[in-house]
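Here is a brief report on the structure shown below.

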Amino acid sequence: MEKQWIDLRSDTVTRPSEGMLKAMMQARVGDDVFGEDPTVIELEQTLANMFGMEAGIFTPSGTMANQIAIKLHTRPGDEVICDETAHVYLFEAGGIAFNSGCSVRLLKGDRGRFTLQQVQEALNEPDNYHLAVSRLVVAENTSNKGGGSVWDIEELRRISSFTHQKGLGFHLDGARLFNAMAFNGTQPRDYGVIFDTISICLSKGLGTPVGSVLLGSKHDITRARRIRKVLGGGMRQAGYLAAAGLYALKNNIPLLKEDFRRAQTLGKALSELRFVDEVFPVESNILIFRLKDSMPADRFLNYLKAHDILALTFGPQTIRFVTHLDFTDEMLAKVVKVLAEWKE
Ligand SMILES: Cc1ncc(COP(=O)(O)O)c(C=O)c1O
């Protein structure tokens, strides 16, 4: 029998539920490169309508959705402004340089969240030809490296008015935007008016096996189809995958609150342990904490692994736990018990 791990490494480890698999098997499909897959079209339109945006495009990954957006907004030699912890900068294999030929201006935000003032200060003077042209600002909500931190929507609104006034693009890496909305009650349409483009990931908290959708104007998404093609992301009968996305939008959004609740319980349990130095505030399904030097990170991870629990390091002495659809209350109880039973 397959070993039953309690896997807290990421919310990408979930397996499709029976209901999701059934929806996938029953999908109506066609050739999406010809624009003929009815289920892909339905998913793209459903998300675009939810966010009050004109159009959407299904992509095989969140990375591709972000990279297409960056390519849409920039030309080689331009500069992208983002937080120093941004996924687009740290974890997309240098894609900003590779795909778009842009330089990056990094901001030191608060757990992934920067301010309007920081953006204003980072902007290059447009007439100074020694400098790269500042062309695009990218925000990430929730911020992964920031420990699932959620942006204040008012700050996003302020940055949006500024970017529009200056003619810059504003892209949201919304890989976990539904987790942010579960935290603060904001609505998809709140974000649709703030950003020029938004990438939504279906294979993280929402639990599908594959896929993201990039949202934007009709004009941008038409251009995005060519960019997706050149990146090798044109898929044929992708409706089987899109059906999982439609199922997730119908069934899994309310469950994100449960992931948040379980992460809060874990955060509380961790903050009571003598060998834990600091637990970052828990705002969604990602939990980051630092161990005291007396507890080396690999020793801690090995202890968990010996009890069938998997987690990841996220920097020196820093551990990340991520809750998700396949992490149940029984598993939560076991993790809390195993943590409390640690003996020096
Ligand atoms: C914030 C954020 N953006 C984008 C991605 C990229 O998603 P994918 O792994 O589907 O390329 C991730 C993946 O973990 C992420 O955490």
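## Helix H10 and its end

Glycine 232 follows H10, and its phi is positive, near 85°. The model is predicted.

H10 itself covers residues 218-230, 13 residues in total. From first C-alpha to last, H10 reaches 19 Å. That is close to the 18 Å expected at 1.5 Å a residue. The buried positions of H10 are Asp220, Ile221, Ala224, Ile227 and Arg228. Two strands from the list of packing partners are S7 (197-201) and S8 (212-216). The buried residues of H10 also pack against strand S2 (55-59) and helix H3 (62-73).

## The nonpolar core

Which residues touch the most other members of the largest nonpolar core? They are Val137, Val213, Leu215 and Ala243, out of 88 residues in that core. Helix H11 (residues 239-251) gives the largest share of this core, with 8 residues. Domain 1 (6-12 + 255-340) and domain 2 (16-251) both contribute residues, so the core lies between them.

Take leucine 215 as a close-up. Neighbours within four places in sequence are left aside here.

The contact draws 15 residues from domain 1 and 17 residues from domain 2.

On the side of domain 1 that touches domain 2, helix H12 (256-271) and strand S10 (286-291) each supply at least two residues. H12 gives the largest share of that side, 4 residues. By class, the residues on this side of domain 1 are 7 nonpolar, 4 polar and 4 charged.

## The ligand shell

What surrounds the ligand? Ser61, Gly62, Thr63, Asn66, His87 and Glu140 are part of the shell. Asn144, Asp173, Ala175, Cys201, Ser203 and Ser212 are also around the ligand.

H3 provides the largest share of this shell, 3 residues. H3 also packs against the buried residues of H10. The shell holds 2 nonpolar, 8 polar and 2 charged residues.

Key:
Residues numbered from 1 in each chain as written. Predicted model: local features only at pLDDT ≥ 70, side-chain atom pairs only at ≥ 80, totals over all residues. Contact = placed C-beta atoms within 7 Å. Nonpolar A, V, L, I, M, F, W, Y, C, P; charged D, E, K, R; others polar. Core = buried A, V, L, I, M, F, W, Y, C linked by C-beta atoms within 7 Å. Buried ≥ 20, exposed ≤ 12 C-beta atoms within 10 Å, placed from the backbone. Domains from an automatic or database assignment. Expected span 1.5 Å × (residues − 1). Near = placed C-beta within 6 Å.
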